[in-house]
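Visitor: Hi! Could you walk me through this structure in plain words?
Guide: Happy to, let's look at it together.

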Amino acid sequence: MSPTPTPKVVPIQPAAEQAVEVSLYASQAKIYPRSVTGVFAQWRWAVVAMTQLVFYGLPWLEWGQRQAVLFDLASRRFYIFGFVLYPQDFIYLTGILVISALSLFLFTAVAGRLWCGYACPQTVYTEIFLWIERHVEGDRSARMRLDKADMSLEKLVKKWTKHFLWIGVAIWTGFTFVGYFTPIKELGMEFFQARMGSWEIFWVFFYGFATYGNAGFMREQVCKYMCPYARFQSAMFDKDTMIVSYDVARGEPRGPRSKSVDYKAKGLGECVDCTLCVQVCPTGIDIRNGLQYECIGCGACADVCDTVMEKIGYPKGLVRYTTQNGLTNGWGRDQLLRRVLRPRVLVYTTILVALCIAMLVSLVVRVPFKVDVVRDRATLSRIVEGGKLENVYRLQVMNATEVSQTYRIKVSGLPGLVVASEPEVQVDAAQSRWMVVRLHLPYGAVSGGSHPIHFEIGTVGGSAHISEKSVFLVPR
Amino acid sequence: MSDFTSNFWSVYVAGITLVSILACLILLWMTGRKKVMSSSDNTTGHVWDEDLREMNNPLPVWWVWMFIITIVFALLYLVAYPGLGNFKGQLAWSSANEHEAEVKAANKELEPLYARFTGMPPDKLAADPQAMAIGERLFMNNCAQCHGSDARGSKGFPNLTDADWLHGGEPDKIKETLVKGRNGLMPPMGAAVGTPDDVKNVANYVLSLSGSPHDSLRASLGKGKFGACAACHGMDGKGNQALGAPNLTDGIWLHGWGENAIISIVNTGKTNQMPAQAEKLTEAQIHVLTGYVWGLSNRPGVSKP
């Protein structure tokens with residue numbers, strides 16, 4: 001039996017035989033990736049399902065009386081399950097971004113562009129859009145035929161159906177995105193009653209349009225020409241990084257053969273040159289030319305090659321995840337795995353683990369309120385009745401819990417220093433409040449100048465406690 | 001561009017802008033027509049530094065279209081908005097206009113919020129927590145710069161919490177102060193009082209009015225000379241709110257306490273100003289602020305020193 005019949009050998013990217021005149025601009029040929037099944041395809045679909053379940057599902061979760069995850073930009077409160085974060089908690093976002101970047105470094109050093117091939121939204125939405133395309137227009141050859149065919153009712157219906165479904169998914173995606181910033185249930189009501197705010201409309205449709213354009217049309221062009229990660233990920237590669245590779249020694253010389261003939265006697269390698277690896281490639285490259293910058297490491301070629309190898313009874317893995325060292329030295333699985341624990345990987349892992357622990361610890365010990373102390377802008381120091389020196393401060397007290405809290409202000413640092421104004425303040429749930437605090441110091445208690453003092457702020461009936469520095473000015 | 005007296009720079013800037021856009025277009029067109037020889041290894045055949053070769057990676061045509069879109073956008077932008085020298089643009093946009101429109105929109109948005117307060121008398125406002133919260137924010141943004149966050153003022157800036165008023169503490173008067181501002185003027189009176197010694201005597205008399213530490217001999221000598229001051233401060237020294245003349249008997253010293261401070265004021269006079277707020281704040285805001293300021297010395301539970 002010959003391998004899966006293919007209409008034509010796909011022309012491989014033109015390393016022209018002789019010097020030819022070429023233009024500085026080139027229109028990009030449309031790529032029709034063939035559908036593929038196999039272990040990597042299953043992994044990709046698992047990751048697509050997981051990431052999209054989180055993305056589409058998270059805004060609908062409830063936490064008490066509110067949306068579990070809500071970034072309220074207008075009032076500058078960021079609700080993430082039990083946490084109420086203020087813009088002052090920006091460090092946590094920084095932490096998450098640093099952890100994400102280091103994870104990218106780690107995964108890339110170990111197994112190449114895993115992010116690109118499995119989890120990147122560009123890949124994930126392209127996969128979803130391709131799935132719709134395949135179900136409406138058919139697989140690769142059917143789609144190619146349809147595009148070449150003259151306009152007909154059938155073509156019109158198929159194209160319209162596809163775009164209708166694409167736009168549906170795209171708008172839902174845009175809607176979900178906006179649902180992270182404005183309560184999604186109200187947004188849903190507004191959407192159906194056509195009374196969304198102008199910025200909500202803009203973002204739903206802008207994000208939707210970006211999804212539609214990038215996943216429906218731009219696809220691999222985004223990875224090849226726009227994505228900065230794609231370029232710098234190669235800096236994380238070394239000769240022990242797992243990459244999707246074609247085993248040249250085993251496969252070459254390639255060529256078609258009948259199953260009954262002893263190919264070794266004919267001097268052929270194990271590649272039957274069915275070109276399926278090229279047909280399934282979402283970026284349209286030939287993996288047999290070696291590692292290329294376009295390769296997003298999705299493993300589609302490895303999957304499809306394995307099915308072919310299985311059909312003709314050759315061992316699997318002619319195209320497989322392996323390392324450059326592994327390929328040259330003919331290493332097996334154990335030897336490859338042993339090389340995973342190399343200094344680069346260990347360093348990335350150590351930093352990553354340390355950062356994750358630091359992040360967790362800081363979240364656990366986080367004091368659920370914040371205080372800013374600002375000296376009054378108008379008054380340096382004044383003498384008040386009873387021969388006392390008075391300094392005025394403004395304290396911004398930010399309640400990061402979802403119940404109303406009372407805070408008590410104390411002050412320390414100078415003998416006889418007392419709070420002369422109301423020492424307790426009540427702040428509503430997730431609100432912040434400015435309060436004016438007057439401090440009194442007996443005249444002559446300390447010399448003239450600036451004296452460091454501390455405000456101690458604690459919850460009444462609780463253990464949370466913050467100490468803030470400030471100064472008390474005494475006229476000379 | 002109104003900073004320039006001649007039209008030259010306007011034309012210069014507009015010219016450079018348009019020529020640059022045109023140059024971009026020409027560059028795109030020229031590179032579109034250009035053909036290069038590609039060698040068999042898909043390089044352009046250029047070699048530098050022994051082995052550095054230039055790959056032939058043609059730019060995707062859709063990218064070229066993005067360039068063209070930016071050029072079209074630039075031209076449309078320059079027609080609509082100010083960008084070409086003195087040309088104001090078809091939309092006549094300016095940052096000042098935009099700011100005005102934004103303030104107007106924000107005030108309109110706030111109108112329903114203030115609607116509840118406009119009819120309220122000041123004592124009702126002072127008892128309303130929401131009005132007081134708004135009042136406090138208005139005070140912090142517009143008044144605290146001089147009067148202090150706690151409204152207790154400092155030297156030269158009156159304390160608003162002590163029930164002592166230069167121009168009257170009734171809500172109407174407070175509102176008048178807010179709307180129109182106030183000018184406090186004390187002319188130099190040294191010559192009118194007499195010799196420097198007379199001035200010193202008057203100063204001691206003034207101190208005696210509030211029972212502050214003073215030289216009683218000088219005070220009794222100064223009493224006769226106080227007539228020069230009485231025109232404004234009154235024979236009894238209790239001031240005149242219609243003129244904004246301070247009460248000298250209450251132990252509150254806005255411009256400094258003690259003999260020297262008083263002598264200096266008598267000799268040099270004093271001009272003090274409260275700026276008018278009518279331009280900055282809306283009528284409704286001033287109304288709420290009036291209630292807040294009145295409440296500072298009249299709210300139940302506010303201690304009166």
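Visitor: What does the secondary structure of chain B come to?
Guide: Chain B has 13 helices and six strands. Helices (H or I, at least four residues) and strands (E, at least two) are DSSP runs, numbered from the N terminus.

Visitor: And what am I looking at, in terms of numbering and model?
Guide: This is a predicted model, where local features need pLDDT of at least 70, side-chain atom pairs count only at pLDDT 80 or more, and totals for chains, interfaces and linings use all residues. Residues are numbered from 1 along each chain as its sequence is written, while chains are lettered from A and ligands numbered from 1 in the order in which they are written.

Visitor: What pLDDT does chain B average?
Guide: The average is 88, and 96% of the residues of chain B score at least 70. Here pLDDT is the predictor's confidence in each residue, from 0 to 100. Over residues 301-305 of chain B, the pLDDT is below 50. For the complex, the predictor gives an ipTM of 0.70 and a pTM of 0.80.

Visitor: Back to shape. What radius of gyration does chain B have?
Guide: Chain B has 35 Å, whereas a compact globule of 305 residues would have a value near 19 Å. The radius is taken over C-alpha atoms, and the globule rule is 2.2 Å times the number of residues to the power 0.38. The C-alpha atoms of chain B fill a box of roughly 115 × 50 × 45 Å along the principal axes.

Visitor: How is chain B divided into domains?
Guide: There is domain 1 (8-80), domain 2 (102-181 + 275-298) and domain 3 (185-274). These bounds come from an automatic or database domain assignment. The C-alpha centres of domain 1 and domain 2 of chain B are separated by 60 Å.

Visitor: Where do the chains touch?
Guide: In the model, 27 residues of chain A are in contact with 29 residues of chain B. Contact means that the C-beta atoms of two residues, placed from the backbone, lie within 7 Å. On the side of chain A that touches chain B, strand E1 (20-23) of chain A gives the most, with four residues.

Visitor: How do E1(A) and strand E1 of chain B pair?
Guide: E1(A) and strand E1 (residues 35-38) of chain B pair in the antiparallel sense over four bridges. Strands pair if DSSP finds at least two bridges between them. A:Val20, for example, has B:Ser38 as its bridge partner.

Visitor: New topic: why is A:Phe455 called buried?
Guide: A:Phe455 is buried because 21 other C-beta atoms lie within 10 Å. The cut-offs are 20 or more other C-beta atoms within 10 Å of a residue's own for buried, 12 or fewer for exposed, and partly exposed in between, with C-beta atoms placed from the backbone. A:Phe455 is found in strand E17 (residues 449-459) of chain A. Leaving aside neighbours within four places in sequence, its contacts include A:Leu395, A:Ile409 and A:Val411.

Visitor: Which residue in E17(A) is the bridge partner of A:Val411?
Guide: That is A:Phe455. Six bridges join E13(A) to E17(A), and the two run antiparallel.

Visitor: Which side chains of strand E13 of chain A are buried?
Guide: Along strand E13 (residues 405-412) of chain A, A:Gln405, A:Tyr407, A:Ile409 and A:Val411 point to one face and are buried.
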